[in-house]
Amino acid sequence: MIYPTINPVALDLGFVQVYWYGLMYLLAFLAAYFLANYRAKQLTDWNSQQIEDLIFYGAIGVIVGGRLGYMLFYNLPNVLSDPLSIFAIQGGGMSFHGGFLGVLFAMALFNRKYHKSFFATMDFVAPLVPLGLGFGRMGNFINGELWGKVTTSPFGMFIQEQGVARYPSQLYEAFLEGLVLFIILWVYSQKLRPLMSVSALFLIFYGLFRFIIEFVRVPDAQLGYLAFNWLTMGQLLSLPMIIFGVYLFYKANRKHT
């Protein structure tokens with residue numbers, strides 16, 4: 001397969017340029033909004049105003065947390081030498097794990113406003129997230145960033161600008177963390193489940209999928225491998241998600257029985 005070089009600018013109006021990556025974020029939030037409204041129709045304790053606020057709070061958490069997380073987890077020396085670099089968003093740099101923490105904080109504020117329990121909200125939110133993750137990885141693919149390792153495998157993709165074939169790890173993540181994770185959570189959450197169990201499955205399967213894909217993904221150049229010539233920051237941050245998810249799932253189902 002040959003990588004089809006795509007112009008990252010989807011629409012150039014002269015006075016403003018619309019980027020595919022930005023459109024992927026828009027699609028992510030729209031997908032979450034429509035899925036949330038669909039789920040709310042099946043429940044009695046959610047209304048349209050709460051859904052709108054939920055998406056707004058979540059969007060702020062994703063963007064602010066994603067940026068801060070990237071700078072702190074992946075680019076800390078640069079932040080320490082130049083704190084204002086946090087605001088240099090034109091250079092890119094977003095972290096899922098930072099966005100995840102940002103959403104947790106945003107949901108805590110949302111729950112405080114609407115007097116909802118934390119895990120009741122997170123169980124509602126979890127199935128809304130994966131499709132957005134998939135759109136984000138498609139944005140990475142269009143931008144030609146976050147490539148996998150050089151390979152001669154037929155599963156690789158030849159990049160003409162680099163003159164080598166690499167694993168399209170962005171597509172692997174879009175498939176596993178986006179589509180497959182969405183199907184798992186959406187199907188599982190269609191029946192009444194013990195509190196925390198949907199959130200637990202999100203933690204387990206996202207962490208597992210990300211940990212596996214990191215084996216073929218090239219680590220950030222400024223960090224490289226953290227240990228053993230294979231451990232990446234993405235794996236280090238995903239491992240606690242898996243462990244905590246297993247704990248939550250066990251706790252939720254033990255209480256239920």
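This is a predicted model: local features need pLDDT of at least 70, side-chain atom pairs count only at pLDDT 80 or more; totals for chains, interfaces and linings use all residues.
Which residues line the largest cavity?

**View 1. The largest cavity and the residues that line it.** The lining of the largest cavity is made up of Y74, R210, E214, R217, P219, D220, L223, G224, T232, M233 and G234. When these lining residues are sorted by class, four are nonpolar, three are polar and four are charged. The space inside the largest cavity comes to about 70 Å³, and a search of the whole structure finds one cavity of 30 Å³ or more.

**View 2. The second largest pocket, with about 410 Å³ of space.** Among the 18 residues that line the second largest pocket, R39, L43, D123, S189 and L192 are the closest to its centre. Helix α5 gives the most to this lining, with four residues. By class, the lining of the second largest pocket holds eight nonpolar, four polar and six charged residues.

**View 3. A nonpolar patch on the surface.** The residues F56, I60, I63, V64, L68, L72, L76, L80 and M94 form this patch, and together they have about 810 Å² of accessible area. The elements that give two or more residues to the nonpolar patch are α2, which spans residues 48-73, and α3, which spans residues 76-81. Of the elements involved, α2 gives the most, with six residues.

**View 4. A31 in helix α1.** Helix α1 covers residues 20-40, and A31 lies within it. With a relative accessible area of 14%, A31 is under the 20% limit and is therefore buried.

**View 5. P127 in the loop between α5 and α6.** The two helices on either side of this loop are α5, residues 118-125, and α6, residues 130-143. Is P127 buried or exposed? P127 counts as buried, because its relative accessibility is 0% and the limit for a buried residue is under 20%. Between P127 and N75 there is a separation of 52 residues in sequence and, from C-alpha to C-alpha, of 30 Å in space.

Key: Residues are numbered from 1 along each chain as its sequence is written. Side-chain values use heavy atoms; hydrogens and water are left out. Patches are made of residues with over 30% relative accessible area and no salt bridge: like charges are joined within 9 Å, nonpolar side chains (Val, Leu, Ile, Met, Phe, Trp, Tyr) within 5 Å. Accessible areas come from the Shrake-Rupley method with a 1.4 Å probe; for residues, only the protein chains shown count as cover. A salt bridge is a side-chain nitrogen of Lys or Arg within 4 Å of a carboxyl oxygen of Asp or Glu. On a 1 Å grid over the protein atoms alone, a cavity is a set of points where a 1.4 Å probe fits but cannot get out, and a pocket is an open set with protein on both sides within 12 Å along at least five of seven lines; lining residues have an atom within 4 Å of a point. Grid points are joined across faces, edges and corners, and a volume is the space filled by probe spheres set on the points. Ala, Val, Leu, Ile, Met, Phe, Trp, Tyr, Cys and Pro count as nonpolar, Asp, Glu, Lys and Arg as charged, and the others, Gly among them, as polar. Buried means under 20% relative accessible area, exposed over 50%, partly exposed in between (1.4 Å probe, protein chains only).
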